[in-house]
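User: Please take a close look at a single helix in this predicted model, together with what surrounds it in the chain. I would like one connected account.

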Amino acid sequence: MPTPREQLSDARLYLCTDARKRQGDLPAFLDAVLAGGVDIVQLRDKGMEAAEELEHLAVFADACRRHGKLLAVNDRADVAHAIGADVLHLGQGDLPVPAARAIIGRERLIGRSTHAESEVDAAVAQEGVDYFCTGPCWPTPPSPAATPPASVQWRYAAAPGAAAPLVRDRRDRRGQSGRWCWRRAPAGSMVVRAITEANDPATATAELAKRVRAHRALSSAFATVLDGPVPRGEDVEKGKTRQ
């Protein structure tokens, strides 16, 4: 059985969703998206009291166990510890990483949201941070005040010494909330409405997962030529480089 860190290394599609109280379909929704290609799922429903959040997270945890995927908790280290989540995702105003790590232990993963170049630098340098998120690309319900697009920040995060290059795509303006990358490792996509508001979440997930993994192959091609010849367009399309 792979460890959460081993699973993170292969993860590409990260979904943030609310508890689906309006739709009333949380168990079925989670089964659909986790089977369709979501690698990490986070409950992001700000304003919930801890008891209610834990009640919904129990449904998330059950689905993640059955599908072998990672469960992420937003902001709250105490809730992450109580539910036994694989991942704690911290915003810039949340607990400091050392304090959060003291609560959840060494085996759990910690991610950070970043919205500026200085925050990218801090996330890369911070001991105990396993991945960081850049973006969002466009305003989303979790981040309505965001100033999109974040292409400058993506390019900065992709610079040598920060993280491996990101390949940016636009997709549906409604659907992409941001890009995320591991410390000095490849990038994936964090999405919200492209899946949560889809008429068919399973089909939407499968299509997004296919695109993100295809772009990961292109990212590898760019990574190999940072200090060498620029690849020809047709070679990049095939995920190759010219030597």
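Analyst: A residue is called buried when its relative accessible area is under 20%, exposed when that area is over 50%, and partly exposed in between. By that cut-off, the buried residues of helix α2, which spans residues 26-36, are Leu26, Phe29, Leu30, Val33 and Leu34. Seen down the axis of α2, these residues fall within an arc of 115°, so they line one face of the helix.

The side chain of Asp31 meets that of Arg66 in a salt bridge, 3.0 Å from N to O. Asp31 lies in helix α2 and Arg66 in helix α3, so the pair ties together parts that are 35 residues apart in sequence. Arg66 counts as partly exposed, at 48% relative accessibility.

Next, the chain on either side of the helix. α2 belongs to a right-handed β-α-β unit, made with β1 and β2. Strand β1 covers residues 13-17, and five of its five residues are buried. Leu13, Leu15 and Thr17 point one way from β1, while Tyr14 and Cys16 point the other way. β1 and strand β2 (residues 40-43) run parallel and are joined by four bridges; Thr17 has Leu43 as its bridge partner in β2.

The loop between β1 and α2 holds Arg20. Arg20 is not a glycine, yet has a positive phi of about 60°. Arg20 counts as buried because its relative accessibility is 5%. Just after α2, Gly37 also takes a positive phi, of about 140°.

Helix α3, which carries the partner of Asp31, runs over residues 50-67 and also holds Glu53. Glu53 is buried yet has no salt bridge; the nearest side chain of opposite charge is that of Arg76, 4.9 Å away. A salt bridge requires a side-chain nitrogen of Lys or Arg within 4 Å of a carboxyl oxygen of Asp or Glu. Beyond residues up to four places away in sequence, Glu53 touches Leu43, Met48, Val73, Asn74, Arg76 and Val79. Leu43 in that list is the β2 partner of Thr17, which leads back to the β-α-β unit that includes α2.

Another is formed by Arg213 and Asp10, whose closest N and O atoms are 3.8 Å apart. Arg213 lies in helix α9 and Asp10 in helix α1, so here the parts tied together are 203 residues apart in sequence. Arg213 is partly exposed at 34%, and Asp10 is partly exposed at 43%. Leaving aside neighbours within four places in sequence, Arg213 is in contact with Asp10, Arg12 and Asp39.

Conventions. Residues numbered from 1 in each chain as written. Predicted model: local features only at pLDDT ≥ 70, side-chain atom pairs only at ≥ 80, totals over all residues. Heavy atoms only, no water. Helix = DSSP H or I, 4+ residues; strand = E, 2+ residues; numbered from the N terminus. Buried < 20%, exposed > 50% of the residue type's maximum accessible area, 1.4 Å probe, protein only. Lys, Arg positive; Asp, Glu negative; His and termini not counted. Contact = heavy atoms within 4.5 Å. Arc of directions from axis to C-beta. Pairing = 2+ DSSP bridges. Right-handed = clockwise from strand over helix to strand, strands pointing away.
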